[in-house]
Amino acid sequence: MADLQDHPCAAPSAIGEFDACDGLAEATTPAEVDIERARVLLAAQLVVDGHNTLAQELDRTHWLDLQHGSAFLDTDIPRIRAGGVGAQFWSLCVPPGPAAVQETLDRIDAVRTLIASCPEALRLALTAADMAQARDCGRIASLLGPVSGAALGDSLGTLRAYHALGVRSVGIAGTRWTADPAGLTPFGEEAVREMNRLGVLVDLSGASGTTMDRVLDVAKAPVILSHSAAQALTPHAANVPDDVLRRLRGNGGVCMVSFAPDQVTRHADRPATLWDVADHVEYVREVAGPECVGLSGSFGATADAPHTIGLEDASSYPNLIAELLHRDWAETDIAALTWGNAARVVREAADAAQPA
């Protein structure tokens with residue numbers, strides 16, 4: 001694994017020039033041989049993106065802008081296709097408060113309306129089979145979730161209603177039922193069991209280590225971390241500690257490594273780069289195992305928001321794959337990283353579900 005701290009004046013990697021001696025990072029330029037190979041791989045085995053936040057911008061963006069390209073945002077359908085993305089989770093998270101349920105319903109409606117408005121590009125996916133069918137038909141499989149755990153309103157009935165509307169993931173961080181010293185209140189444990197019964201993924205991103213551990217004690221299905229990186233490399237609240245990464249092996253869950261610069265930056269004197277994200281991906285693979293790592297662009301923000309250098313928009317996934325190829329990743333491991341692991345978790349969560 002490349003470690004810029006150990007080699008402050010190291011030669012540039014496949015991602016281009018890096019002047020660590022001056023503490024400056026320049027725009028990355030993947031080696032042409034690696035980028036072309038990455039594009040070939042992604043054409044055959046597309047990416048499942050764990051966390052697209054575009055839903056929060058839909059009230060300001062017309063579906064035609066997304067279909068034909070939007071300079072205002074860091075993602076749109078042309079760039080999603082150029083990035084080799086074949087499926088993505090649409091984050092429906094809203095701030096906690098008395099209006100959280102209504103705002104979540106509005107976001108579900110907005111995303112479903114967008115999908116219906118772009119039938120040649122998007123397709124709602126409820127299962128892993130739906131994901132594969134959409135991909136094979138040239139559509140971008142769209143999975144609804146995570147919704148905020150706070151938007152359940154402490155009601156399992158609301159959880160069941162979200163599931164009936166197509167939601168397949170719930171983020172549990174920041175709820176009253178995860179603030180317990182034991183990690184979960186009795187209601188929290190019931191909520192996890194009900195998510196398992198329904199086939200809804202439990203999203204641990206942003207939860208405390210105690211809560212993550214307790215969920216892994218209770219859960220009977222694989223969990224997901226929709227947008228987390230390695231806490232050992234970058235101490236950020238949304239990142240995951242090593243002990244939880246090691247427990248993912250037994251659970252069969254997946255940590256989808258975020259591209260968000262504040263979650264992956266490794267050096268206070270320079271911006272986050274694609275190289276940092278590659279380090280996080282390799283670290284998660286090493287600690288959790290190659291079957292427990294995925295990707296999470298966390299795109300859906302405005303174009304002028306902070307971005308990791310080399311991963312500025314949804315078209316940039318080939319840059320990261322090129323860097324991993326430069327680091328001698330096997331094609332089978334890349335296929336698991338991009339599609340296989342995330343699709344497996346969706347399938348196994350559904351397989352663990354029980355009929356009502």
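Reader: What is the handedness of the crossing of α6 and α7?

Author: The model is a predicted one, and in it α6 and α7 cross in a right-handed manner.

Reader: How close do the axes of these helices come, and at what angle do they cross?

Author: Helix α6 covers residues 156–164 and helix α7 covers residues 186–198. Their axes come within 10 Å and cross at roughly 25°. Because of that angle, α6 counts as roughly parallel to α7.

Reader: Which residues in α6 and α7 meet?

Author: From α6, the residues are Leu156, Leu159, Arg160 and His163. They meet Phe187, Glu190, Ala191, Glu194, Met195, Arg197 and Leu198 in α7. By class, this contact of α6 with α7 holds six nonpolar residues, one polar residue and four charged residues.

Reader: Let us turn to α11 and α12. How are their axes placed?

Author: The axes of helix α11, residues 274–288, and α12 come within 10 Å, with a crossing angle of roughly 60°. The angle is the reason why α11 is described as oblique to α12. As α11 passes α12, the crossing is right-handed.

Reader: And which residues meet there, in α11 and in α12?

Author: In α11, they are Leu274, Trp275, Val277, Ala278, Val281 and Glu282. Their partners in α12 are Asn319, Leu320, Glu323 and Leu324. The contact of α11 with α12 is made up of seven nonpolar, one polar and two charged residues.

Reader: What about α12 and α13: at what angle do their axes cross?

Author: Helix α12 (residues 317–326) and helix α13 (residues 331–352) have axes that cross at roughly 155° and come within 11 Å. The two are therefore roughly antiparallel. Here α12 passes α13 in a right-handed crossing.

Reader: Which residues of α12 meet α13?

Author: Ile321, Leu324 and Leu325 of α12 meet Ile334, Leu337 and Thr338 of α13. Five residues of this contact between α12 and α13 are nonpolar, one is polar and none is charged. Leu324 also belongs to the contact of α12 with α11.

Reader: Which residues line the largest cavity?

Author: Its lining consists of Leu54, Leu66, Asp76, Ile77, Ile80, Gln88, Trp90, Leu114 and Leu122. Two elements, α3 (77–82) and β4 (85–90), each supply at least two residues of that lining. In terms of class, seven of the lining residues are nonpolar, one is polar and one is charged.

Reader: What is the volume of the largest pocket?

Author: The volume of the largest pocket is about 320 Å³.

Reader: How many residues line the largest pocket, and which lie nearest its centre?

Author: The lining has 22 residues, and those nearest the centre are Ser91, Cys93, Val94, Ser148 and Ala173. The classes in this lining are nine nonpolar, eleven polar and two charged.

Reader: And how much space lies in the second largest pocket?

Author: The second largest pocket holds about 180 Å³. It is lined by 14 residues, with Ala260, Pro261, Ser298, Pro306 and His307 closest to the centre. Eight of the lining residues of the second largest pocket are nonpolar, four are polar and two are charged.

Reader: One last topic, the backbone. Is the peptide bond from glycine 145 to proline 146 cis or trans?

Author: That bond, from glycine 145 to proline 146, is cis, and its omega is near 10°. Proline 146 is found in the loop between β6 (140–144) and β7 (147–148).

Reader: What is the phi of aspartate 154?

Author: Aspartate 154 has a positive phi of about 55°, although this residue is not a glycine.

Reader: And where is aspartate 154 placed?

Author: Aspartate 154 sits in the loop between β7 and α6.

Conventions. Residues are numbered from 1 along each chain as its sequence is written. This is a predicted model: local features need pLDDT of at least 70, side-chain atom pairs count only at pLDDT 80 or more; totals for chains, interfaces and linings use all residues. Side-chain values use heavy atoms; hydrogens and water are left out. On a 1 Å grid over the protein atoms alone, a cavity is a set of points where a 1.4 Å probe fits but cannot get out, and a pocket is an open set with protein on both sides within 12 Å along at least five of seven lines; lining residues have an atom within 4 Å of a point. Grid points are joined across faces, edges and corners, and a volume is the space filled by probe spheres set on the points. Ala, Val, Leu, Ile, Met, Phe, Trp, Tyr, Cys and Pro count as nonpolar, Asp, Glu, Lys and Arg as charged, and the others, Gly among them, as polar. Axes are lines fitted to C-alpha atoms, for helices over the stretch in contact, and angles run from 0 to 180 degrees between N-to-C directions. Helices (H or I, at least four residues) and strands (E, at least two) are DSSP runs, numbered from the N terminus. Angles under 35 degrees count as roughly parallel, over 145 as roughly antiparallel, 65 to 115 as roughly perpendicular and the rest as oblique. A crossing is left-handed if the near helix is turned anticlockwise from the far one by less than a right angle, and right-handed if clockwise. Contact means heavy atoms within 4.5 Å.
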